[in-house]
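Student: I would like to learn how to read a protein structure that is new to me. Could we go through it feature by feature?

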Amino acid sequence: MASTWAKRVGWGVGGAVVAVAAYLAMWPVPIQPVAWTAPAAPGYQGVHAPNQRLAKLNIIDLKGEVGPEHIAFGKDGKLYTTVLSGSILRMSADGSGQEVFANTGGRVLGFDFDAAGNLIAADAVKGLLSIAPDGKVTVLADKVGNDPIRYADAVVVALSGKMYLSDASTRFAPKDWGGTFEASVLDILEQASTGRVIEYDPANRSTRVVARGISFANGVALSQDEKHLFVNETGKYRVWKIAVDANDLDIAQPSPQARVLLDNLPGYPDNLMRGQDGKVWLGFAKPRGAAIDNMAGKPWLRSLTLRLPRALWPIPQPYGHVIAFTDDGKVVADLQDPSGAYPETTAITETADRLYVQSLHAHGLGWLPKP
């Protein structure tokens, strides 16, 4: 009897092991991973040597709202910030007088203002929007030709009036995959490099692709002469400098119209913001992770990862980190908080006396007085 029971237990355990192995090897996942070669992580050294300059932030209470992902000042002198609920909040520089300026029903990740004072928004769900001073929302573009804009991420308005928008992924739309963070994880794990930069011309309401082939196209900023765009390629830890007059340029092909300005960065570059004195501020959503880099040449392992419970996904721990660089790629500021107390420090908005810290998931708006 004992022998029979032991055999049954053995068969049961063996069957369970086979079932788990089959699940890990064969269960469908949404990504089709592409092999690539990740550069050896530089670590925190040189201009990125560890420091505490971003620690102990002052916090403006957002009254229950979460994720001040982008911060900018309007022509009315008010501070505007986007939050997870789909609202755009408006307040005084010290956080007082908070009110909801508009709610798009989606998730605005980046925005800028045009010459008429309209807030031009990159909404990850809705596309490129214009929000009038009275809060009225108008869709400017949600397609390029017949191809939907699936993941509008950042936007900058040129003096010419033209708008430059990053479409982070043409594979994973946040509305279909559980939100902006979830869709970004899928895109970066897949490494199919389907991100692109789009130009919208309000004069004739036309859209065109400036550049494509970007592994999660993220933050966008203009050079001071507005002849080039700086574009964060989050999935490959680098920043591109791309001519604004490029047309449907595949960055995988060598071209005089595009070059890598900052390469092999220590984290995942997120937003870009023009600061003062010629600076461009860049924030890192997360630090590099050895587990992810080690999977670069192992597509099967990335597929297997998505079959694990989410708690076991190799998502790096929070680490506060922002830098500033000049148009020629020289890093001129580096602020860190290794504790990661303020999550996903996605960029800096600089004023004459403050540095406001952008974040995808923070429960308040962080700021530091300028030294």
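Predicted model: local features only at pLDDT ≥ 70, side-chain atom pairs only at ≥ 80, totals over all residues.

Student: Is Ile 198 buried or exposed?

Tutor: Buried means under 20% relative accessible area, exposed over 50%, and partly exposed in between, with a 1.4 Å probe and protein chains only. Ile 198 has 2% relative accessibility and therefore counts as buried.

Student: Which residues does Ile 198 touch, not counting residues up to four places away in sequence?

Tutor: Contact means heavy atoms within 4.5 Å. With those neighbours set aside, Ile 198 touches Val 144, Ile 149, Met 163, Tyr 164, Leu 165, Asp 167, Thr 207, Arg 208 and Val 210. The C-alpha atoms of Ile 198 and Asp 248 are separated by 9.0 Å, although these residues are 50 apart along the chain.

Student: How many residues of α2 are buried?

Tutor: Ten of the eleven residues of α2 are buried, so this helix is largely enclosed by the rest of the structure. Among them are Phe 181, Val 185, Leu 186 and Leu 189, and the buried residues of α2 pack against β6, β21 and α4 (299–305).

Student: How should I read a nonpolar core, and which residues touch the most other members of the largest one?

Tutor: In soluble globular proteins, nonpolar side chains tend to be buried together. A nonpolar core is a set of buried Ala, Val, Leu, Ile, Met, Phe, Trp, Tyr and Cys residues joined through side-chain atoms within 4.5 Å. The largest one here has 36 residues, of which Phe 230, Leu 282 and Phe 325 touch the most other members. Two or more residues each come from α2 (180–190), β20 (258–262), β21 (267–274), β22 (280–287) and β23 (320–325), and α2 gives the largest share, six residues. A second, separate core of 20 residues includes Val 210, Leu 222, Ile 242 and Ala 258.

Student: What is the order of the strands in the open sheet of four?

Tutor: Two strands pair if DSSP finds at least two bridges between them. In this open sheet the order is β2-β3-β4-β5, with antiparallel pairing, and the edge strands, β2 (71–73) and β5 (99–103), each pair on one side only. Within the sheet, β3 (residues 79–82) and β4 (residues 87–91) pair over four bridges, and Thr 81 has Leu 89 in β4 as its bridge partner.

Student: How many bridges join β6 to β7?

Tutor: Five bridges join β6 to β7 (residues 119–123), and the two strands run antiparallel, with Ala 121 in β7 as the bridge partner of Phe 111. Their hairpin has five residues between the strands, and Gly 117 there takes a positive phi near 90°. Strand β6 (residues 108–113) has five of its six residues buried, so it is largely enclosed by the rest of the structure.

Notes:
Residues numbered from 1 in each chain as written. Heavy atoms only, no water.
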